Amino acid sequence: MIIKKDLIKRDIAGETVLVPCGKTIYDSNGLFILNELGAFLWDLLPTAEGEAELVSAVLAEYEVAEETARGDIGEFLDKLREMDII
């Protein structure tokens, strides 16, 4: 998947955040906070071919039902699309 904005993942004060840099600073309204799953998915995004690959990775990493994984991943990706990040 293609990440359209220049964001760097950092751990700050116990939180995982995406920090805008470059021209993205002017397009965003601050930091983006990620939960554990969001941070896991963020690391996979640059090499993931699609949502199915993300679902497989989550099922291999976490003890979760496939339906739950698909729903959570879909929600995460929808939010990124809404913010024009992917």
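Glu66 is partly exposed, with a relative accessible area of 40%; partly exposed denotes the range between buried (under 20% relative accessible area) and exposed (over 50%), computed with a 1.4 Å probe on protein chains only. The side chain of Glu66 meets that of Arg70 in a salt bridge, one of five that a search of the whole structure finds. The structure is a predicted model, in which local features need pLDDT of at least 70 and side-chain atom pairs count only at pLDDT 80 or more, while totals for chains, interfaces and linings use all residues. Residues are numbered from 1 along each chain as its sequence is written, and side-chain values use heavy atoms, with hydrogens and water left out.

**Salt bridge within a helix**

- A salt bridge is a side-chain nitrogen of Lys or Arg within 4 Å of a carboxyl oxygen of Asp or Glu; for Arg70 and Glu66 the N to O distance is 2.8 Å.
- Arg70 and Glu66 are four residues apart in helix α4, so about one helical turn separates them. Helices (H or I, at least four residues) and strands (E, at least two) are DSSP runs, numbered from the N terminus.
- Arg70 is partly exposed, with a relative accessible area of 40%.

- Lys9 and Asp43 meet through their side chains in a salt bridge with an N to O distance of 2.8 Å. This pair links strand β1, which holds Lys9, to helix α2 (residues 36-44), which holds Asp43, across 34 residues.
- Both partners are partly exposed: Lys9 has a relative accessible area of 26%, and Asp43 has one of 47%.
- Asp84 and Lys4 form a salt bridge at 2.9 Å, N to O. The two residues are 80 residues apart, with Asp84 in the segment after α4 (66-82) and Lys4 in the segment before β1 (7-12).
- Asp84 is partly exposed at 39% relative accessible area, whereas Lys4 counts as exposed at 52% relative accessibility.

**Aromatic pair**

- A search of the whole structure finds one aromatic pair. Phe40 and Tyr62 form this pair, which is edge-to-face, with 5.5 Å centre to centre and 85° between the planes.
- Rings of Phe, Tyr and Trp (its six-membered ring) pair if their centres lie within 6.5 Å; planes under 30 degrees apart count as stacked, over 60 as edge-to-face and the rest as tilted.
- Phe40 lies in helix α2 and Tyr62 in the loop between α3 (51-61) and α4, so the pair ties together parts that are 22 residues apart in sequence.
- Tyr62 counts as partly exposed, at 23% relative accessibility.
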